[in-house]
Amino acid sequence: GKIVRKVGKRLARLASQGEEVQTIINGDIIATTPVNDDTSYVIQQDSVDRELYVLTGEKFEMNYEVPGRDVTERGLDFDRMRERGYKWYERKGSVLIYKWY
């Protein structure tokens, strides 16, 4: 395997205790995650489906730089992200990538 540094940023927000976060891919709900605390984060994946997933606060802080940066970009999508409490978070750490033959 090869160790590579994580790079890039993701949109994320603090989750609300009691909310249920649905992960939707190709229009299908593939997971529903209940939030049991107020320290977890909801992350929007940088993909065509912009799927959402939940990380505990501990795992989030291991993988992203905290605090996040305000969303300052213009446009309706960015306006909605700001209204929902999203911020930009830089990825950190490393990951081991395996090559299968």
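**Exercise 1.** In this predicted model, find how much space lies in the largest pocket and which residues are closest to its centre.

*Solution.* Start with the volume: the largest pocket holds about 370 Å³ of space. Next, look at the lining, which has 17 residues; the closest to the centre are L11, Q44, R50, D77 and M81.

**Exercise 2.** Work out which strands pair with β2, and in what sense.

*Solution.* Take β7 (residues 87–90) to begin with: β2 pairs with this strand in the antiparallel sense, over four bridges. As a check, R10 has Y89 of β7 as its bridge partner. Now turn to β5 (residues 41–44), which runs antiparallel to β2 and is joined to it by four bridges. Here A12 has I43 as its bridge partner in β5.

**Exercise 3.** Decide whether A15 is buried or exposed, and list its contacts beyond four places in sequence.

*Solution.* First locate A15: it sits in the loop between β2 and β3 (20–25). Its relative accessibility is 6%, so A15 counts as buried, the cut-off being under 20%. Now leave aside neighbours within four places in sequence: A15 is in contact with V35, D38, S40, Y41 and V42. To finish, compare sequence with space: A15 and G57 are 42 residues apart in sequence, and their C-alpha atoms are 9.5 Å apart.

Note on methods:
Residues are numbered from 1 along each chain as its sequence is written. This is a predicted model: local features need pLDDT of at least 70, side-chain atom pairs count only at pLDDT 80 or more; totals for chains, interfaces and linings use all residues. Side-chain values use heavy atoms; hydrogens and water are left out. On a 1 Å grid over the protein atoms alone, a cavity is a set of points where a 1.4 Å probe fits but cannot get out, and a pocket is an open set with protein on both sides within 12 Å along at least five of seven lines; lining residues have an atom within 4 Å of a point. Grid points are joined across faces, edges and corners, and a volume is the space filled by probe spheres set on the points. Two strands pair if DSSP finds at least two bridges between them. Helices (H or I, at least four residues) and strands (E, at least two) are DSSP runs, numbered from the N terminus. Buried means under 20% relative accessible area, exposed over 50%, partly exposed in between (1.4 Å probe, protein chains only). Contact means heavy atoms within 4.5 Å.
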